[in-house]
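Take a moment to look over the chain before reading on.

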Amino acid sequence: MNYYIVEVRDEDYRGVTGADFLKRGDAVYIYHHNESGKIPKLYYEIIRRTEAEVFFCETDEYSTAIEEKISELLTGRKMTSVTYIGNGREYDSIAHFDSIIEALYSGCVESPDEPMDFSELEAEVRKKDSIYEIAEKLSLDTARFISVFIENENDKKKLYQELLHVFGNKTGLAAYQQMRDLKIGPFREKAKEPEEHEPVIYSDITLEDHRRRVEENKKKYAWTSLDFTPFWGQKSIYEEDEDEFF
């Protein structure tokens, strides 16, 4: 499981770039103080579409909430990867990057200036599947519970059987009923078909695609020798789709 602590200063959300590559089982904690109630469209889309669990945490520059959350994650969970995303601070105990995409690979993208309503984004995030709450409420092994959920999330019968098999009849049934009540997994409402004019989001370009293209460009346009290795500058993995947002 991967946890990302994103600190937002002066309402600069560039640190969340790359969150749309994260998958179910990852979690992003965004520490922010948004006075304007607006967020740039690009970051609105990235956060809205990520499969990771997203938590908004209201804070300010004097708060110790980030340190407390890092300490909690490092001491309270096993096999946990914690990464800090932000400028101005560094923590000796965890990795530090300027954005989520830098933590995953290299690359960046400039943000368009069009503002979006922040309260709408918070409302959309709250609608997401929150299996973490179920795991904590029933004191389940979170990693194991998520694994069972992911493997059987589209089949009610298999999910029911596996939950009872792994966690026992009483606890497994309680978890199943919680999912049903919250309408997550196989109980979720079918998503609406995207409108034809909806832009292609960046996660349609995979990290593997980008790595392959970089290697192909190396073979086409450069050479190496025993005495020299060329420097490869960073290239945006989002480059081909940037026009969709400008």
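**From the sheet to the helices**

Strands β2 and β4 run parallel and are joined by six bridges. Two strands count as paired if DSSP finds at least two bridges between them. Helices (H or I, at least four residues) and strands (E, at least two) are DSSP runs, numbered from the N terminus. Within this pair, Tyr 31 has Cys 57 of β4 as its bridge partner. Ala 27 is partnered with Glu 53 of β4.

A word on the source. This is a predicted model, in which local features need pLDDT of at least 70 and side-chain atom pairs count only at pLDDT 80 or more, while totals for chains, interfaces and linings use all residues. Residues are numbered from 1 along each chain as its sequence is written, and side-chain values use heavy atoms, with hydrogens and water left out.

Now widen the view to the sheet. Five strands form an open sheet, in the order β4-β2-β1-β5-β6, and the pairing is parallel. Its edge strands are β4 (53-58) and β6 (95-97), each of which pairs on one side only. On average, neighbouring strands are turned by 20 degrees against each other, direction ignored. Such angles run from 0 to 180 degrees between N-to-C directions, and axes are lines fitted to C-alpha atoms, for helices over the stretch in contact.

Go along the sheet from β2. β1 pairs with β2 in the parallel sense, over five bridges. There, Tyr 4 has Val 28 of β2 as its bridge partner. β1 is also joined to β5 by five bridges, and these two run parallel. Asn 2 is partnered with Ser 81 of β5. β5 then pairs with β6, again in the parallel sense, over three bridges. In β6, Ala 95 is the bridge partner of Thr 83.

How many residues of β2 are buried? Six of the six are, so β2 is largely enclosed by the rest of the structure. Buried means under 20% relative accessible area, exposed means over 50%, and partly exposed lies in between (1.4 Å probe, protein chains only). In a regular strand the side chains alternate between the two faces of the sheet. Both faces of β2 are covered. Ala 27, Tyr 29 and Tyr 31 are buried on one side, and Val 28, Ile 30 and His 32 are buried on the other. β5 is mostly covered, with four of its five residues buried.

Not counting residues up to four places away in sequence, Tyr 29 touches Tyr 3, Tyr 4, Ile 5, Val 6, Phe 55, Cys 57, Lys 69 and Leu 73. Contact here means heavy atoms within 4.5 Å. The largest nonpolar core has 31 residues, and Ile 5, Tyr 29, Phe 145, Leu 163 and Met 179 have the most contacts inside it. Such a core is a set of buried Ala, Val, Leu, Ile, Met, Phe, Trp, Tyr and Cys residues joined through side-chain atoms within 4.5 Å. The elements giving two or more residues to this core are β1 (2-7), β2 (27-32), α2 (65-76), β5 (81-85), α5 (131-137), α6 (142-152), α7 and α8. A second, separate core has 24 residues, including Val 6, Leu 22, Ile 100 and Phe 118.

The axes of α7 (residues 156-167) and α8 (residues 169-182) come within 6 Å and cross at roughly 145 degrees. On the α7 side, the contact is made by Lys 156, Leu 159, Tyr 160, Leu 163, Leu 164 and Phe 167. On the α8 side, residues of the contact include Asn 169, Leu 173, Tyr 176 and Met 179.

Two loop residues deserve a look. Glu 11 lies in the loop between β1 and β2. Its phi is positive, about 60 degrees, although Glu 11 is not a glycine. At 24% relative accessibility, Glu 11 counts as partly exposed. Ser 139 sits in the loop between α5 and α6. Phi of Ser 139 is also positive, near 55 degrees, in a residue other than glycine. Is Ser 139 buried or exposed? At 67% relative accessibility, it counts as exposed.

Finally, the whole chain. The protein chain has nine helices and seven strands. Buried residues make up 42% of its 246 residues. Of the contacts with a separation of 6 or more, 74% join residues 24 or more positions apart.
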